There are 2 protein chains.
Amino acid sequence: MIIKAVIGVLCAAVVLAIGIVIGHFGINNSSAPSWLNDVAKDVDESLIEKFLAEVDTIHIQENLRELTDVPHMATTPGDEKTVQTMLRRWQDADTGLDDAWREEYNVYLSFPDPNNPNKVTVANTVQHSIREREKAYTSDQDDPEVVQPYAAYSPAGHAKGKLVYANQGKPSDYEQLSQTLNLTGTIAITRYGGAGRGAKAINAAPYGVVGVLVYTDPLDINDGLMSDTNETYPHSWYMPPSGVERGSFNRDFGDLLTPYLAAKEETYRIPPENIVGIPPIPIQPIGFEDAYILICALGGDAAPSEWQGAFNCTYNYGGPGFKPTSEFNNRLSKNSANVMGVIRGSVEPDRYVIYGNHRDSWVHGAIDPSSGTSVMLEITRVLGRMVKQGIWRPRRSIIFGSWGAEEFGLIGSAEYTEQYFAKLSERTIAYINVDIAVFGKKLHMFYLSELNKTMLLIFHASSTVSQLKKSLFKVQPIIHYQQQSIFLRIPLVCAISYHSLFLSGFVSHQAVARTAGNILIRLADSLLLPFNCSDYAEILEDYLNTAVTLYQQQLEAHKISIGKCKTATDVFGDAGEYCNTQHTGRNIMPLKVRRINDQLMLLDRAFLDPLAFPDKYAFRHVIWTSSSAGKATFPGLADAFAQAESSGLDSDWDKVHYHLSVVSQAIEGAASTLADVI
Amino acid sequence: MIIKAVIGVLCAAVVLAIGIVIGHFGINNSSAPSWLNDVAKDVDESLIEKFLAEVDTIHIQENLRELTDVPHMATTPGDEKTVQTMLRRWQDADTGLDDAWREEYNVYLSFPDPNNPNKVTVANTVQHSIREREKAYTSDQDDPEVVQPYAAYSPAGHAKGKLVYANQGKPSDYEQLSQTLNLTGTIAITRYGGAGRGAKAINAAPYGVVGVLVYTDPLDINDGLMSDTNETYPHSWYMPPSGVERGSFNRDFGDLLTPYLAAKEETYRIPPENIVGIPPIPIQPIGFEDAYILICALGGDAAPSEWQGAFNCTYNYGGPGFKPTSEFNNRLSKNSANVMGVIRGSVEPDRYVIYGNHRDSWVHGAIDPSSGTSVMLEITRVLGRMVKQGIWRPRRSIIFGSWGAEEFGLIGSAEYTEQYFAKLSERTIAYINVDIAVFGKKLHMFYLSELNKTMLLIFHASSTVSQLKKSLFKVQPIIHYQQQSIFLRIPLVCAISYHSLFLSGFVSHQAVARTAGNILIRLADSLLLPFNCSDYAEILEDYLNTAVTLYQQQLEAHKISIGKCKTATDVFGDAGEYCNTQHTGRNIMPLKVRRINDQLMLLDRAFLDPLAFPDKYAFRHVIWTSSSAGKATFPGLADAFAQAESSGLDSDWDKVHYHLSVVSQAIEGAASTLADVI
């Protein structure tokens, strides 16, 4: 009986247990919907491993070969060929993206007239004609599609005058030179660097200079060596003596006839004579082979030591001169295409990680931009295949952009951003740009926020993460440049490049593809965005300290207090620390995750003030706007201070006070977005 | 045995069933977290019923008595008393909010000098002195704190000249008058309406007018009757003959010394002489009792019929005149407080519904603004108690604002918005403003998006919802005004007022409190925001049709195509319809709900362009920016067209094309935020 009872109880217990199991697991619990796991899913490390393993050097090599087959300057037949390549790859049934398409803009470009090529001629005691084309070292360089060296957006014209040496063509260079020489009617030869390309001509015109030449001094390239032909390309990555850096000589970016508007067919265009920020006088780039002959022949006093370059002669100011004749470029409107591709997000399709690079080159573009594009195509191949195979779909959407007409002034990406401004600024997590993936000897990687330290250490040979963090200020100009390329403000920008071109077998390209893809996947898949609330606090504190050191005394003398800015920076620091404490692990409510991510995504945008810099095209950011004052502090304050100090006018000191108020309010406002949400 | 077996099986079945029940309900299912119900919860109708039942006329009456006890012009001791009232109520332990505090700004105001009161004297064949103070009908009006009638921000000065009648002081009025008379050295008497208060003086100055008087013509108030004392207040709601409408005579809003910056202690202030948009010549408001005497005594030709008001005499242009002497106002900076209060949201604390009203009055302010404030206090009492009792917490956060110094130009709300611009523009769902809750004979309720039709029908006596929808264009000026009061752009603005003041027992106040509170709760608690994606499409289509009718022919004559704008409007219509199909019931993923709500919340903001209207202070919205052209179409286009048509200059036609491109791009950009998210 006892046994029976025990058996009965045991049976009952077993039946009960079975019932519990059925009840717990067998019945679809209506309170646990199917999306519950999706919303809580974090980045999958094994999937990243899989991605890293599949990135393949052979594919990258093939990409590069196909992309650089012919010169593909913006809007040329070679450019159209690369459009078709991108579309074919991104629409591939097995390795393509969810969707890909072309977006076309009609933009204002500048080309040399093939029937009337630019000439620079020296006629004096030294008879010399500047090379019209670079020396061809390989057969592809004989392609008639290789554009003659020229300065895009330089006006056409004939300039004749005596030659002078004007260092980098900065305002201070011309100012200094004009104290020695009367510059009226002269031609200035300048080296790249220090001032923007077009600025070298814009700065010269007020002094009566009638034409400008520009070259790359070996001091600023080729490790400072004045290498001869045997030591340069194709024997090393050094630039050959006849090589000329082409470039766009406009100060602003985007289509010059449609500022802030996408350059679509019916869009209003300003009259070309109203364009600002392009050279008012003819300017022409030349190789250092020719520059060497010109500069070493210059007379006059010796230029100061900081004006000296790498030539084995003294750089004189000039005074004896030559009579160059020059003819310049046609400007015209042409159609330029972006190629766009997307992978749709599964959980938060309305959050975008954008990855892009331009597609157009000046010539064949094996480095700029096709090293980056071949890397991008390999990344999309591996990711596209994982999507097509159904083994992966990112949490957030990924947008790939292959921009047109970048070399003429970031045109493709700027027009895209103008067209979709509201959507992009509401939803973009980050923009990653990989242009020149491989060049020179080091990995260059610039970023604003700390990502995954391990990952960085794997791919970064020469610097530790903390060194990289400290170098933040040094890389600002590059950050600016990259951020301009898509001028909505985004919290993270990576510009990545790696190692020497001559590492065998495209290992360096592969390393960049792995690094960039790794970052991309983490941005797209991480539950909580891998950003740090308090990185900005460090920057603000450094900026404030610099401002106090440089300006406080004079500010006080003009009855302007920096106290509000100090308070705001302190408040921001506290808010950043508080925000970091909110990063609390897993299993938090999906709307709380979204809220924290929105705070992180929009933090950088809280510093935008569209009215603070009316004279600086497209700059709106009170921390990162470009500044001519050259101080590592708040740019509006720095520029206004320099102006007030120089003029001494009360109205200029008022502007200093204004910019101090603007930046203080922006910091306080940004802090309030990090503090407790209500 | 069979029985035993049956019993055994039955027992087993029962035990199994118990097990299933335990397993299903008794074990905390780790895959169904506790927040799951919260995120899916929609608005609770029974709670709204409870709210409606608890809104109490007695409390509103007490609120109004306390708020209107003494005159409470901005920054006066009476104003501080109302600050303390708000704080005491919102910090109450049983019926207060989660948190409440004061925010102070130092702002530039304008008051008459009590030792040197403004005078208007007529010295001619008719000897007459204008009343310096209104006749007191009740004892509270004898309060020495009642400010003398004056025009805030009018310059001080002595103006003498002959009187002329200039209708409403519009540019066209002065233009027309100047064809009959030489206006140099005259004083113009004008009636309210047609042009902004300050504009009546700004428009006059170019004609040499030296001073302006302004009054409310009975035609524009009191149902057009020139009522005598027995028929006006306190015997009816009609304005008495000596009553004077005070007001701020600035064109722009917010603190005039700190445009776009919060007026904090150290903030940069522009020099007062740089303020634009305030009267350049003295201006003074007077009652219609005095205006009657002046206008009926005017000589000269009869003014045209549309210039005639309700006085029982012919309004002549003038020509014979008087010699008024007048002395005017002091301007000075004073501290003004907002009182802020919040109820924190439970699920989406980072989404805000803002409810506000100003607190300052010109005199006792029983209608403007205290009728609204007494309603707001009753709403917060009922909601605050539900929160304190733990029976309710809204899904989203609610922010209450009691703004200071509104009468001087929307100062309190503008400074608040300037200070927290980034946060508010990222997170605000809607702003509800209830200022004059009760005035006149009708319910006025203006809104942009369709809410709950039933609710509207309950509280709206005279119009159906469809009538209200059709009246959208008519109420635009009021929408503008209200939206300016917090100049970030928000998709819904309600301005509510109701019925006659003389409905007994504050029933009308109660109705407004119920309506406004009902809207507030629905905005805060609805799972999907009660907005409609395609409301905007109708507006855009109407605007486009008007533009085609009015402009297309002339646009084509100037080779400007309206085609892009048509395409954009079509695309927007399709996107709106698509977006509406996304409103799919319950049990959808919380991040999808958030995504749809974000689309709805940010739609209106997609039309912002901070650079489109450089000459219109604080206006950035390409659909709702104010326009002087008076056409129900895109404001930038309308104004540019009027200018081009009048000047005939090519450069002005260029601006027409520019504005057409701006609006087309904005519509296309906004459409892309409604379409599939990627």
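**Aromatic contacts: exercises**

Tyr165(A), Tyr215(A), Tyr292(A), Trp307(A), Phe311(A), Tyr315(A) and Tyr317(A) form one aromatic cluster. This is a predicted model, in which local features need pLDDT of at least 70 and side-chain atom pairs count only at pLDDT 80 or more, while totals for chains, interfaces and linings use all residues. Residues are numbered from 1 along each chain, chains are lettered from A, and side-chain values use heavy atoms, without hydrogens and water.

**Exercise 1.** Classify the pair Tyr215(B) and Phe311(B).

Solution.
- Rings of Phe, Tyr and Trp (its six-membered ring) pair if their centres lie within 6.5 Å; planes under 30 degrees apart are stacked, over 60 edge-to-face, the rest tilted.
- Over all chains there are 52 aromatic pairs.
- For Tyr215(B) and Phe311(B) the centres are 5.6 Å apart and the planes at 15°, so the pair is stacked.
- Tyr215(B) belongs to strand S7 and Phe311(B) to the loop between helix H8 and strand S10, so the pair ties together parts 96 residues apart in sequence (helices, H or I, at least four residues, and strands, E, at least two, are DSSP runs numbered from the N terminus).
- Tyr215(B) is buried at a relative accessible area of 0% (buried is under 20%, exposed over 50%, partly exposed in between; 1.4 Å probe, protein chains only).
- Phe311(B), at 5%, is also buried.

**Exercise 2.** Classify the pair Trp403(B) and Tyr416(B).

Solution.
- The centres are 5.2 Å apart with 40° between the planes: tilted.
- Trp403(B) lies in strand S12 and Tyr416(B) in helix H10, so the pair ties together parts 13 residues apart in sequence.
- Both Trp403(B) and Tyr416(B) are buried.
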